[in-house]
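Subject: Structure handover

Hello,

Please find the structure below. My notes on it come after.

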Amino acid sequence: MRRLVLDVDKTVNEPDLIHLALVMESAPGVQAVNIAVTEIGIETVGTNVTVEGDDIDVEELTRAIGQTGAVVHSIDEVVAGAYTLEGKPRSR
């Protein structure tokens, strides 16, 4: 895997975004992490996470996220192969 876009929720207090990013960055194959807050509730924070690298170990990445107390709700984008292919919007 070269890029993953994940829907990740965490509690308001833990983990903080910096800790979450550092944990994800240390997963095998991960070279870059981008976390954007998408919504804030009374108890939870929703985030959109983009992870890029070479040969990302998806299982280790999701395990590392879970160990922080955050939860991966879905994998919303996957890019795999010899190079990064940018998606094109589908026209109807």
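The notes go from the whole chain to one residue.

This is a predicted model, in which local features need pLDDT of at least 70 and side-chain atom pairs count only at pLDDT 80 or more, while totals for chains, interfaces and linings use all residues. Residues are numbered from 1 along each chain as its sequence is written, and side-chain values use heavy atoms, with hydrogens and water left out.

The protein chain has two helices and four strands, in the order β-α-β-β-α-β along the sequence (DSSP runs: helices are H or I of at least four residues, strands E of at least two, numbered from the N terminus). Its radius of gyration is 13 Å, close to the 12 Å of the globule rule for 92 residues, so the protein chain is as compact as a globular protein of that length (C-alpha atoms; the rule is 2.2 Å times the number of residues to the power 0.38).

Of the 92 residues, 27% are buried (under 20% relative accessible area; exposed is over 50%, partly exposed in between; 1.4 Å probe, protein chains only). Of the contacts between residues at least 6 apart in sequence, 70% join residues at least 24 apart (contact: heavy atoms within 4.5 Å).

T68 sits in the loop between α2 (58-67) and β4 (71-79). Its relative accessibility is 16%, so T68 counts as buried. Leaving out residues up to four places away in sequence, T68 touches P15, H19, L20 and V23. The T68 side chain also reaches the backbone nitrogen of A70 at 3.3 Å.

Regards

Technical notes
A polar contact is a pair of N or O atoms within 3.5 Å; within protein, one must be able to donate a hydrogen and the other to accept it, and residues adjacent in sequence count only if both atoms are side-chain atoms.
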